[in-house]
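Here are my notes for someone opening this model for the first time. Have a look at the structure, then work through the points below.

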Amino acid sequence: MQTEKVEEEDDAPEEYVALCDFTASGSEQLSFITGDKLLVHNKSSADWWWAELQGVIGYVPASYLRLDGAEEGDDASLEDPWQDDEYFGSYGTLRLHLEMLSDRSRTETYRQVIVSNSASLRDKVVMDLGCGTGIISMFCAQLAKPSMVYAVEASSMAEHTRQLVKQNGCEEVVTVLQGRAEELELPEQVDILVSEWMGNCLLFEFMVESVLLARDRWLRDGGVMWPSSAALALVPCQADSYYTETMAFWERPYGLDFTPLQPLAQQEFFTKPKFSHLIDPEDCLCAPCDVICLNMYTVQVRDLEVSNGLLYYKRPQFLSVYLLILMEHSFISQEMTGEFQFCVEKPGIFHGFTAWFTVQFESLEMGGATVELNTGPNSDPTHWKQTLFMLDRPIQVYAGDSIHGNIVLRRNPVWRRHMTVALHWTINSNTDDSQANISLHYTSIFINVLLFSWLLFTSSLHL
């Protein structure tokens with residue numbers, strides 16, 4: 001934040017009202033609470049505006065504000081904070097289903113879970129939430145012989161799923177229901193709730209909320225959740241190829257000096273994460289760690305909103321990792337904070353962090369093995385791949401250096417499928433007395449029809 005007054009501009013500032021609380025994650029941002037009136041001087045981007053509150057200025061998230069004097073109902077988009085038309089519309093087309101069904105690691109993992117538990121699934125009642133084309137439901141019907149499978153799909157794909165179920169002779173077991181989980185009505189409770197709800201960085205799209213609501217309403221006592229647990233992993237990494245491709249390229253293409261374009265390249269390529277990134281295991285500067293862990297039996301919807309309790313605790317021998325649910329205000333978006341401490345194992349160029357997730361499926365069989373789907377670089381590639389968060393500029397690191405800090409996931413209290421990701425970290429080097437303090441801040445946005453959850457960040461480096 002800055003305390004000096006904003007200079008006069010040609011356009012008069014507009015007064016906006018805060019819809020909910022926001023706590024700044026860095027010195028460039030401005031904190032406010034619900035009902036505060038802010039003067040917006042510059043709409044710097046679609047996501048971050050330059051605003052003033054009581055003589056203090058800084059960046060504020062645009063989605064947390066509405067124009068003073070306008071009623072909430074005046075903004076038609078606020079009538080659907082989940083943006084279901086765009087979200088379910090994208091799943092009503094074949095493009096995403098082709099991508100998911102072509103992902104053999106994902107699909108074969110779910111089939112393996114069904115096959116390895118086929119004896120225990122016999123005569124059980126199963127719910128497949130967000131069933132898509134019904135592939136998991138038909139695996140159950142053909143490979144495990146449950147008494148009933150309720151295949152639930154909110155998008156228009158449901159009508160095609162009914163055809164596929166009949167075409168594959170599963171209509172006696174599989175019943176396709178079209179609608180949101182929140183509006184679901186079943187004639188009975190279920191023994192197993194299976195769903196493929198994971199998004200980029202595990203939580204993007206927040207389908208997990210629908211899964212938890214269905215669990216609380218329809219899963220019988222002692223029932224089974226698949227996945228049973230989930231974790232978000234993080235590792236500091238090199239990304240030389242991507243850096244060369246997007247940044248170093250502008251140094252002397254065709255013998256000409258294009259370096260004036262490098263700031264523009266940095267803004268375009270590094271101010272949002274790189275989805276569908278495939279990291280070479282050799283580019284990991286150390287072992288990864290799980291920074292966010294979810295127990296799918298105990299995590300509550302309120303834990304995605306506001307809580308002051310410890311959701312999950314995990315302390316491996318080689319690092320400290322824990323997840324805290326922090327309560328800042330009764331209407332502020334909930335924060336999930338995971339701490340990390342990495343010890344660099346080899347010298348290299350620190351270009352950024354890479355994230356991925358794992359999910360585990362507990363066995364129904366006595367003594368049976370847990371099945372894991374791992375989307376990391378040491379496993380077969382999936383359609384999620386990994387997510388790369390690039391630094392403003394690369395940093396040389398050495399074996400023995402320490403990179404420690406935390407990752408904060410903050411759900412947007414207005415736009416329910418949006419999320420802010422903030423990385424705060426420090427490098428302690430054993431090679432000299434210098435210390436680097438870097439803070440990276442990311443905010444998700446909605447792009448056109450499909451939910452990509454792209455992020456915008458600002459960063460600062462203090463040496």
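1. Let's start with α3 and α5, which run roughly parallel to each other (that is, at an angle under 35 degrees). Helix α3 covers residues 104–116 and helix α5 covers residues 135–143; they pack at about 30°, with axes 10 Å apart. The axes are lines fitted to C-alpha atoms over the stretch in contact, and angles run from 0 to 180 degrees between N-to-C directions. Helices here are DSSP runs (H or I, at least four residues), strands are E runs of at least two, and both are numbered from the N terminus.

2. A word on what you're looking at: this is a predicted model, where local features need pLDDT of at least 70 and side-chain atom pairs count only at pLDDT 80 or more, while totals for chains, interfaces and linings use all residues. Residues are numbered from 1 along each chain as its sequence is written, and side-chain values use heavy atoms, with hydrogens and water left out.

3. Who meets whom between these two helices? From α3 come Thr 107, Tyr 110, Arg 111, Ile 114 and Val 115, and they touch Ile 135, Ile 136, Phe 139, Cys 140 and Leu 143 of α5 (contact means heavy atoms within 4.5 Å).

4. Just past the end of α5, Lys 145 has a positive phi of about 55°.

5. Now α6, residues 157–167, where Met 157, Ala 158, Thr 161 and Val 165 are buried. Viewed down the helix axis, these buried residues fall within an arc of 90° (taken from the directions from the axis to the C-beta atoms), so they line one face of α6. On the other side, Gln 163, Lys 166 and Gln 167 are exposed (over 50% relative accessible area).

6. Is Thr 387 buried or exposed? Thr 387 is buried, at a relative accessible area of 2%, and lies in strand β19 (residues 386–397). Leaving aside residues up to four places away in sequence, Thr 387 touches Asn 200, Cys 201, Pro 273, Lys 274, Phe 275, Phe 353, Thr 354 and Ala 355.

7. Finally, the whole protein: nine helices and 23 strands, with 53% of its 463 residues counted as buried.

Notes: Angles under 35 degrees count as roughly parallel, over 145 as roughly antiparallel, 65 to 115 as roughly perpendicular and the rest as oblique. Buried means under 20% relative accessible area, exposed over 50%, partly exposed in between (1.4 Å probe, protein chains only).
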